[in-house]
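Here is a short briefing for a first look at this structure. Keep the sequence and the 3D view open while you read.

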Amino acid sequence: MTDLTELFRRVERLEHIRAIEQLMARRAYLHSAGLNGREMDECWTTREDIAFEAEDWGVWDGQKAVRQAYVDGNPFPEGTPGLMIGHTLTPPVIEVAEDGETAKGIWISPGHETFPIVD
């Protein structure tokens with residue numbers, strides 16, 4: 001028989017998993033819409049010790065460098081004519097630690113991108 005403490009922990013872990021799913025769905029939407037600034041403000045950590053590596057762009061360390069590369073340096077900002085990015089998400093595999101303090105997850109993001117021809 002499951003006691004109430006165990007049941008509470010199980011429900012709490014499910015709530016954490018759902019919150020992570022919602023966060024990634026918001027991130028995917030904002031990215032696909034070219035709203036990189038909102039994406040970073042609403043979905044990314046505010047910690048300074050972050051690193052960002054995207055495709056063949058390179059690696060940036062720290063909030064300022066990441067924002068410069070991903071938001072300010074976005075070659076296709078909101079309103080770019082002809083831009084179309086479609087990044088859907090597969091169902092995730094999310095594991096929340098027993099203590100509820102950490103989690104890890106993985107998604108596959110199949111999609112396509114098209115860009116305008118720039119003079």
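In this predicted model, a polar atom of the side chain of aspartate 3 lies 2.7 Å from the backbone nitrogen of glutamate 6. Aspartate 3 sits in the segment before helix 1.

**Before helix 1**

- Aspartate 3 and isoleucine 20 are 17 residues apart in sequence. Their C-alpha atoms are 26 Å apart in space.

- Helix 2 spans residues 36-43. Which of its residues are buried? They are Asn36, Gly37, Glu39, Met40 and Cys43.
- These buried residues pack against helix 1 (4-32) and helix 3 (63-72).
- Two packed helices are described by the angle between their axes and the distance between the axes.
- For helix 2 and helix 3, the angle is about 145°. Their axes are 9 Å apart.
- The crossing of this pair, helix 2 and helix 3, is right-handed.
- Helix 2 brings Asn36, Gly37, Glu39, Met40 and Asp41 to the contact. Helix 3 brings Gln63, Val66, Arg67, Tyr70 and Val71.
- By class, the contact of helix 2 with helix 3 holds four nonpolar, three polar and three charged residues.

**Methionine 40 and the nonpolar core**

- Beyond four places in sequence, methionine 40 touches Gln63, Val66, Arg67 and Val71.
- Met40 also belongs to the largest nonpolar core. The core has six residues in all: Met40, Ile50, Phe52, Ala54, Val66 and Tyr70.
- In soluble globular proteins, nonpolar side chains tend to be buried together.

**Glutamate 39**

- Glutamate 39 is found in helix 2.
- Why is glutamate 39 called buried? Its relative accessible area is 1%, and buried means under 20%.
- What does glutamate 39 touch beyond four places in sequence? Its partners are Arg27, Leu30, His31, Trp44 and Tyr70.

**Histidine 31**

- Histidine 31 is in helix 1.
- Histidine 31 is buried because its relative accessible area is 17%, under the 20% limit.
- The side chains of histidine 31 and tyrosine 70 are joined by a polar contact of 2.7 Å.
- Leaving aside neighbours within four places in sequence, histidine 31 is in contact with Asn36, Glu39, Tyr70, Ile85 and His87.

- Valine 59 is in strand 2 (residues 59-61).
- Valine 59 touches Phe52 and Glu53, not counting residues up to four places away in sequence.
- Valine 59 and leucine 4 are 55 residues apart along the chain. Their C-alpha atoms are separated by 46 Å.
- Histidine 112 is in strand 6 (residues 111-114).
- Histidine 112 and histidine 87 are 25 residues apart along the chain. Their C-alpha atoms are separated by 6.7 Å.

Terms used:
Residues are numbered from 1 along each chain as its sequence is written. This is a predicted model: local features need pLDDT of at least 70, side-chain atom pairs count only at pLDDT 80 or more; totals for chains, interfaces and linings use all residues. Side-chain values use heavy atoms; hydrogens and water are left out. Buried means under 20% relative accessible area, exposed over 50%, partly exposed in between (1.4 Å probe, protein chains only). Helices (H or I, at least four residues) and strands (E, at least two) are DSSP runs, numbered from the N terminus. Contact means heavy atoms within 4.5 Å. Axes are lines fitted to C-alpha atoms, for helices over the stretch in contact, and angles run from 0 to 180 degrees between N-to-C directions. A crossing is left-handed if the near helix is turned anticlockwise from the far one by less than a right angle, and right-handed if clockwise. Ala, Val, Leu, Ile, Met, Phe, Trp, Tyr, Cys and Pro count as nonpolar, Asp, Glu, Lys and Arg as charged, and the others, Gly among them, as polar. A nonpolar core is a set of buried Ala, Val, Leu, Ile, Met, Phe, Trp, Tyr and Cys residues joined through side-chain atoms within 4.5 Å. A polar contact is a pair of N or O atoms within 3.5 Å; within protein, one must be able to donate a hydrogen and the other to accept it, and residues adjacent in sequence count only if both atoms are side-chain atoms.
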